[in-house]
Amino acid sequence: MALPLKPLFFFSFVSFVSISYSLLLPVTKDAATLQYVTQIHHGTPLVPIKLVLDLGGPFLWLDCSSGHVSSSNTPILCGSIQCLTAKASDSGHGGGTSTCRLSPENTITGLAAPGELAEDMVAVEGSEMGSRFLFSCAPKPLLKGLASGTVGMLGLGRTRIALPSQLSASVGLHRKFAVCLSSSDGTVFLENEIAGTDVSKSLMYTPLLTGQGPNSEGYFISVKSIRINGRGVSLGTITGGTRLSTVVPYTTMKRSVYDIFTKAYIKAAASMNITRVESMAPFGVCFRSESSEPAVPTIDLVLQSEMVKWRILGKNSMVRVSDEVMCLGFLDGGVDPGSAIVIGGHQLEDNLLEFDLSTSMLGFSSSLSTRESSCSELKLNSISKGSL
């Protein structure tokens, strides 16, 4: 019998926004891998485990041989409702006597391996009770490439067994969550309500598109064009869609798009007397700068219309690689990367992103620095008010 998940109620009162949250996940950035790491409580008894956050991941997977042995772990059989819900490849076979198979993927390395679907207790940090959640057990070698101390990956994608959908089904939460990443401490807010103040009034909204092919469970938006310092960049039709990712450290672009974009950016930087220097891997375009916050060209991603733009300022466009050199945090994704643009973690940081799965809309703030705030500050203000 499933135990009810005890909700946590956090109230945030910051200078620019009032937000109430039922549940939250803390997110820290691993300096060695640039991966975003979160923590949940798992098993019986509930123990904390660390997982790499994958915004577009289809489900939770972990190495079930790591750490303690849970007394409530239950393998899921083929032909069961749970197996059908997970859309496992063998969900209709086995006659209910064999374990349901669901292949987890390490989206950092691109490797996948056979895994077994299971159900166990899961709760967010600070909750005294949990609910039964479906996840996939994975072989230990699949952990290779993940941040030290993590035992798997937590997917927030658009599937029936990703965390947002399972929370909605088990405890009646709205299919809505918000992500606020940081170079230090960020947060995933589950079932949030943003109301009435400056940031909520200034959130822009754009449709979430249905993905095709690999990563189709993720979150896609339509970028119609790009402007640099207000001037349009002639990219032609951007095909292949634009995907949001927490497992890609920096934004990648299809080579044909990247070449035109970087050429225009270099020209705009030169007009601002910014000196280009030798490139430093993995970055293709670098500049001289001794200032911690240099003035650099502004990038606008134009979405469904000229009125809806995602603005990327210097903090999100540049990566400091030394005391004297900064590099453009956009990388060549190759000739046929699948998605024309993948917006990576560095560009997502200190942007409040609201994913509404019921309406298929994305709300975005652009950089919170324009409101003299950050995702770290939002987290601290939320937690400092405590749980009621």
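Two strands pair if DSSP finds at least two bridges between them. Helices (H or I, at least four residues) and strands (E, at least two) are DSSP runs, numbered from the N terminus. The model is predicted: local features need pLDDT of at least 70, side-chain atom pairs count only at pLDDT 80 or more, and totals for chains, interfaces and linings use all residues. Residues are numbered from 1 along each chain as its sequence is written, and side-chain values use heavy atoms, with hydrogens and water left out.

Start with the whole protein. It has seven helices and 29 strands. Of its 388 residues, 53% count as buried. Buried means under 20% relative accessible area, exposed over 50%, partly exposed in between (1.4 Å probe, protein chains only). The accessible surface comes to about 16,800 Å², by the Shrake-Rupley method with a 1.4 Å probe. Carbon and sulfur atoms hold 54% of that surface. Now take contacts (heavy atoms within 4.5 Å). Among those between residues at least 6 apart in sequence, 68% join residues at least 24 apart.

Next, strand β25, residues 325–328. In a regular strand the side chains alternate between the two faces of the sheet. Both faces of β25 are covered. Val 325 and Cys 327 are buried on one side, Met 326 and Leu 328 on the other. Strand β21 (residues 286–288) pairs with β25 in the antiparallel sense over three bridges. Here Phe 287 has Met 326 as its bridge partner. Strand β24 (residues 318–320) also runs antiparallel to β25, joined by three bridges. Met 318 stands opposite Leu 328. A hairpin of four residues links β24 to β25.

Then helix α2, residues 163–171. Leu 163, Pro 164, Ser 165, Gln 166 and Leu 167 are buried in this helix. Just after α2, Gly 172 takes a positive phi of about 75°.

A cavity is a set of points on a 1 Å grid over the protein atoms alone where a 1.4 Å probe fits but cannot get out; lining residues have an atom within 4 Å of a point. Points are joined across faces, edges and corners, and a volume is the space filled by probe spheres set on them. The structure holds two cavities of 30 Å³ or more.

Technical notes. 1 Å grid on protein atoms, 1.4 Å probe; cavity = no way out; pocket = protein on both sides within 12 Å on 5 of 7 lines; lining within 4 Å.
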